[in-house]
Amino acid sequence: MALQLLLPLPLMIAIDGIAGHASLPRFLQHFLPGLSAASNLGFAIMLMLLTALLLNLQGLGSAWLQTYTGEKLVWDFRSKLLNHVQRLPMSFHDRNGTMDSAYRIQHDAPAIQYVVIQGMVPLVMAVASIVVMVYVSLRLDAQVSLVALTIIPPLFLLTRGCSRLVRTSSGLVKKFDTSAIGVVQEVLSSIRAVKAFGQEDREYERFVRHSRKRQERQVKLALTQGIFNLFIGIVAAAGSAAALWIGARHVSSGRLTIGELLILVAYIAQLYDPLRLVSNKFSDMHTWAISLERALLLLDEAPEISEIEDPESLVHAHGEIEFCDVSFRYSPQHRGLRNISFCVPAGARVGIMGESGAGKTTLINLLMRFYDPVEGTVLLDGKDVRKYRIPDLRRQFSVVLQETILFDASLAENIAYGDPDAEDEQIYAAAQAANSHEFILQLPAGYQTNIGERGGQLSGGERQRISLARAFLRNSPILVLDEPTSSVDLQTEAAITSALQSLMHGRTTFIIAHRLETLKSCDILLVLSDGELVEIKHGASEEYLASYIKAVSGEADQEKPHPTALATAG
């Protein structure tokens, strides 16, 4: 601010020196007494160069500091958002999907940098500059300064009206932008289906349709801000013209020198710059505030699954599971589970059977405490699962899903995902147990081979065996198998089944499957229908399983028999 005040001073000294007013401003006469007009000119040039040098050095330091601080703010904020979103309940992700949260973390979070670095800091500096410039201008000529300040009320009214329009339009732009990017994510994550059905043109048109809405709203927003800036420019120009006209009359009457008029006009220009900046920043702040508010709303989402005040630690469970009158619904419109009760001893193999939507996956979600039951209790080793620390509880489970989840990293990292501190020997042993060691060694970089996004460099069977290796390495006492062999060929299925038999040994195992080979080794069968447990069968004959599988697949009769009929027959 001090350098900005010095900026017009050399011009006044030089002009007044040329015009015969050789004296320096009073505050400089104490330091440089008795300078001639020629000396004044030399001093003015040196002062101008020194001020320019210092201003540019200050600009360099400011640019570095703003960039560093802004980037630090953004990455810290993004990290905090990601850490929080990971801990939100499954119901939040089911309700909002992944695209909305990803957009807020990646595109809305940077608004914190704009609000703080490019918004609040410049606003504070602008207000301070206005105060200083008003004070200096009033000391030079109060009448001219007061005339120049008459533009403040119109600027305030313009700023207030524009800010409301900008806030509304910015919210709509964000909404349409999110939907357009959502189309891109859906297409790229489902590219095989898009190509298989030949829907490239349809998806292109869907993206264009969403993008056009965003484009139209963004153009309207830019037009609103442009008209606002036009009016600000006109008001500022009118104020400058009035101040110049009165200032020229004061020069004619001898109240001001030409140099004083020049420095007064320069200070008024410097006064208008922060006034314009304040007006523009208020408009920009409303745009940025919309994004920042969307990001902060993620932090306002409280985890629905929370720990009790003093949860118990759990190192290694025995694996005894009990459901006591458990009921759960995702929402009033969706089916859930009703009055489920059963007991599973440690080390037992449990097959979960039922038609699609019967509640099989919901049962597992409650067991792993992705959701809490509305009524009843889920017990692990005789204690309510809500009494355990959530990380400790989740470590008791190894999960092998139908759709294998792999990451864009090396094979070794994917196998060790559940135990990042595992040694190489442990990773190799887990891969051998999952019948995957041989094919891994045939890859160009072996265990260090990067398998691409979602394991795209591997076949379906290879991905499934890597998932099994991950479960072996995690070595949890409870195993969850959700259709682990439904999407592989018979030869691969034999290799996976062999590994599964070894993996299930000594572990409490829950199996969701429709294949006879997977279910026939189960000690207990749970038959679900429409959210109810219609039968608990200890041991399963091959004939019973075959009849059930035919029933749920519609092969026995044209009309599916209800599972209760099978329970009666069994």
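Author: Start with Asp 530. Asp 530 is partly exposed, because its relative accessible area is 32%. This is a predicted model. Salt bridges with shared partners join Asp 530, Arg 338 and Glu 532 into one network.

Take the pair of Arg 338 and Asp 530. The two form a salt bridge, and their closest N and O atoms are 3.8 Å apart. This pair links distant parts of the chain. Arg 338 sits in strand 2 (residues 337-344). Asp 530 sits in the loop between strand 9 (524-529) and strand 10 (532-538). The two residues are 192 residues apart. Arg 338 is partly exposed, with a relative accessible area of 28%.

Next comes Glu 312. Its salt-bridge partner is Lys 383, with 2.7 Å between the closest N and O atoms. Glu 312 lies in the loop between helix 11 (258-300) and strand 1 (321-328), and Lys 383 lies in strand 5 (residues 383-384), so the pair ties together parts 71 residues apart in sequence. Glu 312 counts as partly exposed, at 30% relative accessibility. Lys 383 also counts as partly exposed, at 35%.

Now a buried residue. Arg 369 has a relative accessible area of 2%. That is under 20%, so Arg 369 counts as buried. Its side chain meets that of Asp 372 in a salt bridge, 2.8 Å from N to O. Why can such pairs form? Side chains of opposite charge can pair when their charged atoms come close. The whole structure holds 12 salt bridges.

Lys 175, Arg 202, Arg 209 and Lys 213 form a positive surface patch. Helix 10 (residues 200-252) gives the largest share, 3 residues. Lys 175 lies in helix 8 (residues 152-189). Lys 175 is exposed, at 54% relative accessible area.

The surface also has a nonpolar patch. Leu 50, Leu 53, Leu 54, Leu 57 and Leu 60 form it, with about 480 Å² of accessible area together. Leu 60 is in helix 4 (residues 37-86). At 59% relative accessibility, Leu 60 counts as exposed.

Last, the wider setting. The protein chain has 21 helices and 10 strands. Of its 570 residues, 42% count as buried. The chain exposes about 30,100 Å², and carbon and sulfur atoms supply 58% of that area. Among contacts between residues at least 6 apart in sequence, 76% join residues at least 24 apart.

Notes:
Residues are numbered from 1 along each chain as its sequence is written. This is a predicted model: local features need pLDDT of at least 70, side-chain atom pairs count only at pLDDT 80 or more; totals for chains, interfaces and linings use all residues. Side-chain values use heavy atoms; hydrogens and water are left out. Patches are made of residues with over 30% relative accessible area and no salt bridge: like charges are joined within 9 Å, nonpolar side chains (Val, Leu, Ile, Met, Phe, Trp, Tyr) within 5 Å. Accessible areas come from the Shrake-Rupley method with a 1.4 Å probe; for residues, only the protein chains shown count as cover. A salt bridge is a side-chain nitrogen of Lys or Arg within 4 Å of a carboxyl oxygen of Asp or Glu. Helices (H or I, at least four residues) and strands (E, at least two) are DSSP runs, numbered from the N terminus. Buried means under 20% relative accessible area, exposed over 50%, partly exposed in between (1.4 Å probe, protein chains only). Contact means heavy atoms within 4.5 Å. Lys and Arg count as positive and Asp and Glu as negative; His and the chain ends are not counted. The place of a charge is taken as NZ of Lys, CZ of Arg, CG of Asp or CD of Glu.
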